[in-house]
Amino acid sequence: MYWLTQSIYSFKVIPFLGGWLADRLLGDPEGWSHPIVWFGKLISFGEKKLNQGENRFYNGGLLTLILVAGIYFITRLILFWGAFINTYLYAILVGVGVFYCLAGKTLITEVKAVFEAVDRSVEEGRTQVGRIVGRDTSDLSPQEIRAAALETLAENLSDGVIAPMFWFGFLGLPGMMAYKMINTLDSMIGYKNERYKEFGEAAARLDDVANYIPARLTACLMLLVSGNWHKRDFLTRFGRAHLSPNSGYPEAALAAILDCRFGGTHDYFGQAVEKPYIGVNDRPFTTEDMLIATKINSNTELAMGLLVCLLSILLQ
């Protein structure tokens, strides 16, 4: 019986499934401590100490290297310790780590809440969408609020679900945790404003590299699960139009599926940023669009989860 237990838990697939299903069922329960909050505190501490002087680019690169490599090796050490003590403990640690690294259910819940809020009042919609976007929401119209929520749904399907799964498939939980640190660094210091332009450049570039394949994989899976593979020309026409080298691909896929248009001018930190249009049909967004988009998100996550399970078995 011992050899059977060993063979089962030596696979990454069992604890991965546990963590993935936990996220699908629970999301991020209110009041629970979360590793990403700790990541944010470390980044904030390092930024205050190092984002000064003449060598901001190198200081930011050093902080990025230390935090990403640090979380990778710390996670490996914790898992080694867990495996040394008990195989079940190792599996539990992996499962819990996967649970905390995925944001599929929470993303869908937040986007649904935006559509429900804006239907009640514009001000409530602006407040709700401000929870999930970085742009200034104080003057957004109902159409812009819904568009922002759908853009975020597509972009964060890649960043918050598919990319973490992708890196788990190849590098296990340490790679997944390292990716989440990269993504958190980019979301906190990867801006091109005066404060972060030099300091956050290394983090932003590393995030671009880490998301290069996952973003394109996300877009392809979205088209496949929705039966819109024949619209893949949208990915080449509009995917590279986005200011980000990656975000445009899942947004282009969703624009193809919904036959709509994203993009336009938005305010970030008091500055107007003109984003290229993705898609061609400038039409009003409806609750039906949100329901279709969230279903696509869920099915894309399911397809990627099955791919990771297969990959985890093959790479043993």
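Within the largest nonpolar core, which has 76 residues, Val-129 and Leu-150 touch the most other members. A nonpolar core here is a set of buried Ala, Val, Leu, Ile, Met, Phe, Trp, Tyr and Cys residues joined through side-chain atoms within 4.5 Å. Buried means under 20% relative accessible area, exposed means over 50%, and partly exposed lies in between, with a 1.4 Å probe and protein chains only. Helix H8 gives the largest share of this core, 23 residues. Helices (H or I, at least four residues) and strands (E, at least two) are DSSP runs, numbered from the N terminus. In soluble globular proteins, nonpolar side chains tend to be buried together.

The model is predicted, so local features need pLDDT of at least 70 and side-chain atom pairs count only at pLDDT 80 or more, while totals for chains, interfaces and linings use all residues. Residues are numbered from 1 along each chain as its sequence is written, and side-chain values use heavy atoms, with hydrogens and water left out.

Not counting residues up to four places away in sequence, Val-129 touches Val-114, Thr-137, Leu-140, Ile-145, Ala-148 and Ala-149, where contact means heavy atoms within 4.5 Å. Thr-127 belongs to helix H7 (residues 122–129). With a relative accessible area of 58%, Thr-127 is exposed. Between Thr-127 and Val-114 there are 8.6 Å in space, C-alpha to C-alpha, and 13 residues in sequence.

Val-118 has its place in H6 and is buried, at a relative accessible area of 6%. Apart from residues up to four places away in sequence, Val-118 touches Gly-125, Pro-142, Ile-145 and Arg-146. Arg-120 also lies in helix H6, but counts as exposed at 54% relative accessibility.

Helix H2 (residues 13–26) has 14 residues and reaches 20 Å from its first C-alpha to its last, close to the 20 Å expected at 1.5 Å a residue; the expected span is 1.5 Å times one less than the number of residues. Val-13, Pro-15, Phe-16, Gly-19, Trp-20 and Asp-23 are the buried residues of H2. Seen down the axis of H2, these residues fall within an arc of 165°, so they line one face of the helix. The arc is that of the directions from the helix axis to the C-beta atoms. After H2 comes Gly-27, with a positive phi near 65°.

Helix H3 (residues 35–50) has 16 residues, and its span of 22 Å from first C-alpha to last is close to the 22 Å expected at 1.5 Å a residue. Its buried residues are Pro-35, Phe-39, Gly-40, Ile-43, Gly-46 and Glu-47. Viewed down the axis of H3, they fall within an arc of 140°, so they line one face of the helix. This buried set packs against helix H4 (56–85), helix H5 (87–101) and helix H8 (142–189). On the face turned away from the buried side, H3 carries the exposed residues Lys-41, Phe-45, Lys-48 and Lys-49.

H3 also takes part in a pocket. The second largest pocket holds about 380 Å³ of space. Of its 19 lining residues, Pro-35, Trp-38, Ile-71, Ile-78 and Met-177 are the closest to its centre. H3, H4, H5 and H8 are the elements that give two or more residues to this lining, and H4 supplies the largest share, eight residues. On a 1 Å grid over the protein atoms alone, a pocket is an open set of points where a 1.4 Å probe fits, with protein on both sides within 12 Å along at least five of seven lines; lining residues have an atom within 4 Å of a point. Grid points are joined across faces, edges and corners, and a volume is the space filled by probe spheres set on the points.

Two further residues complete the tour. Asn-297 lies in helix H12 and, at 4% relative accessibility, counts as buried. Leaving aside neighbours within four places in sequence, Asn-297 is in contact with Leu-107, Ile-108, Leu-153 and Leu-157. Asp-259 sits in the loop between helix H11 (248–258) and strand S1 (261–268), and is partly exposed at 40% relative accessible area. Its phi is near 55°, a positive value in a residue other than glycine.
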